[in-house]
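This report describes a protein chain, working from the packing of its helices to its overall dimensions.

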Amino acid sequence: MKIITYNVNGIRSASTKNFFGWLQSTDADMVCLQEVKAMPEQIPEIIALIESLGYHHYWFCAEKKGYSGVALLTKIKPLHVEYGCGEEWIDKEGRILRADFEDFSLMSVYLPSGSSGDERQAKKYVFMDFFEQYITNLRLTHPNLIISGDYNICHSAIDIHNPKSNAKSSGFLPEERAWMDLLVGGGLTDTFRHFNKDPHHYTWWSYRAGSRAKNLGWRIDYHLTTPPMLERLKNVRILPDAIHSDHCPVLLELESKA
């Protein structure tokens, strides 16, 4: 089974760059999208295209048009879809969407960025505190979890091109990195690092100064999984040659359930 997570930085923009031709070539079973920046009723041609590729699709959009929003595309129809997390301000920003299947649950998550200033950074910390507890509680009823998306955090120095100069940058602050320690220390697996310990693997690049061509990036997009999923992990690959966004997709491959 192939599961992709991808911050598309606008589904309409990505679609003009052959995103759907690329998606068809991946033969992905499930796709978690972040920052879709559109509501389904605004994009009927894109919805028709998604359906023509054989996907059921579920959207959880921000109240503010052209902002944030997550989606799930899946060739296997879920048993249940959970829209949001019940925290009003988070749900208004369209940041959490979960689909439950027979043998696992898949979540598309988009954490806030704090790069616009102190107020949003404070909101990001509020989200992080809430989300850690939310996942802890969710694991009691949904132990087989895959939490995929844009975390807007580099976990360690190996995940960012210049850790020294970014030591005070949102996305690489000590409090943010400690939170990732808390998630991983609490039993979640960073699936990419489970297979690959090498540096210079990134999922986001600034549009400035030719950062992508120089591979001056950040690894902020993850598939995190709970312990029961560990034995099913087959491979995880970052796909930097997919250029439809300032992010690139991350592909998780699972073994079929025994």
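In this predicted model, the buried residues of α2 pack against β1, α1, β2, α3 and β4. The residues concerned are Phe19, Phe20, Trp22, Leu23 and Thr26, which are buried in α2. Viewed down the helix axis, the buried residues of α2 fall within an arc of 155°, so they line one face of the helix. Gln24 and Ser25, on the other side of α2, are exposed. Just after α2 comes aspartate 27, with a positive phi of about 55°.

Helix α3 can be described in the same terms. Its buried residues include Ile46, Ile47 and Ile50. Down the axis of α3 the buried residues fall within an arc of 100°, so one face of the helix is lined by them. Pro44, Glu45 and Ser52 are exposed on the other side of α3. The partners of the buried residues of α3 are α1, α2, β3 (56–60) and β4. Glycine 54 follows α3 and has a positive phi, near 90°.

| α2 | Phe19, Phe20, Trp22, Leu23, Thr26 | 155° | Gln24, Ser25 |

Next is the nonpolar core. The largest one has 28 residues, of which Ile11, Phe19, Leu23 and Leu33 touch the most other members. At least two residues of this core come from each of β1 (2–7), α1 (11–15), α2 (19–26), β2 (30–34), α3 (44–52) and β4 (70–74). The element that gives the most to this core is α2, with four residues. Apart from this core lies another, of 26 residues, including Ile3, Tyr58, Val70 and Cys248.

Which residues does leucine 33 touch, not counting those up to four places away in sequence? They are Tyr6, Val8, Ile11, Phe19, Gly69, Val70, Ala71, Leu73 and Ser108.

Arginine 95 is placed in the loop between α4 (88–92) and β6 (96–100). Is arginine 95 buried or exposed? Its relative accessible area is 2%, and buried means under 20%, so arginine 95 is buried. Its side chain makes a polar contact of 2.7 Å with the side chain of glutamate 93. Another polar contact, of 3.1 Å, joins the side chains of arginine 95 and tyrosine 67. With neighbours within four places in sequence left aside, arginine 95 is in contact with Phe60, Tyr67, Ser68, Val70, Ile90, Ser108, Val109, Tyr110, Leu111, Pro112, Arg120 and Phe127.

Figures for the whole chain follow. The protein chain has seven helices and 14 strands. Its C-alpha atoms fill a box of roughly 45 × 40 × 35 Å along the principal axes. Of the 258 residues, 55% count as buried. The accessible surface of the protein chain is about 11,500 Å², and 52% of this belongs to carbon and sulfur atoms. Among contacts between residues at least 6 apart in sequence, 69% join residues at least 24 apart.

Terms used. Residues numbered from 1 in each chain as written. Predicted model: local features only at pLDDT ≥ 70, side-chain atom pairs only at ≥ 80, totals over all residues. Heavy atoms only, no water. Core = buried A, V, L, I, M, F, W, Y, C linked by side-chain atoms within 4.5 Å. Buried < 20%, exposed > 50% of the residue type's maximum accessible area, 1.4 Å probe, protein only. Contact = heavy atoms within 4.5 Å. Arc of directions from axis to C-beta. Areas by Shrake-Rupley, 256 points an atom, 1.4 Å probe, with all protein chains shown as cover. Polar contact = N/O pair within 3.5 Å; in protein donor to acceptor, adjacent residues only side chain to side chain.
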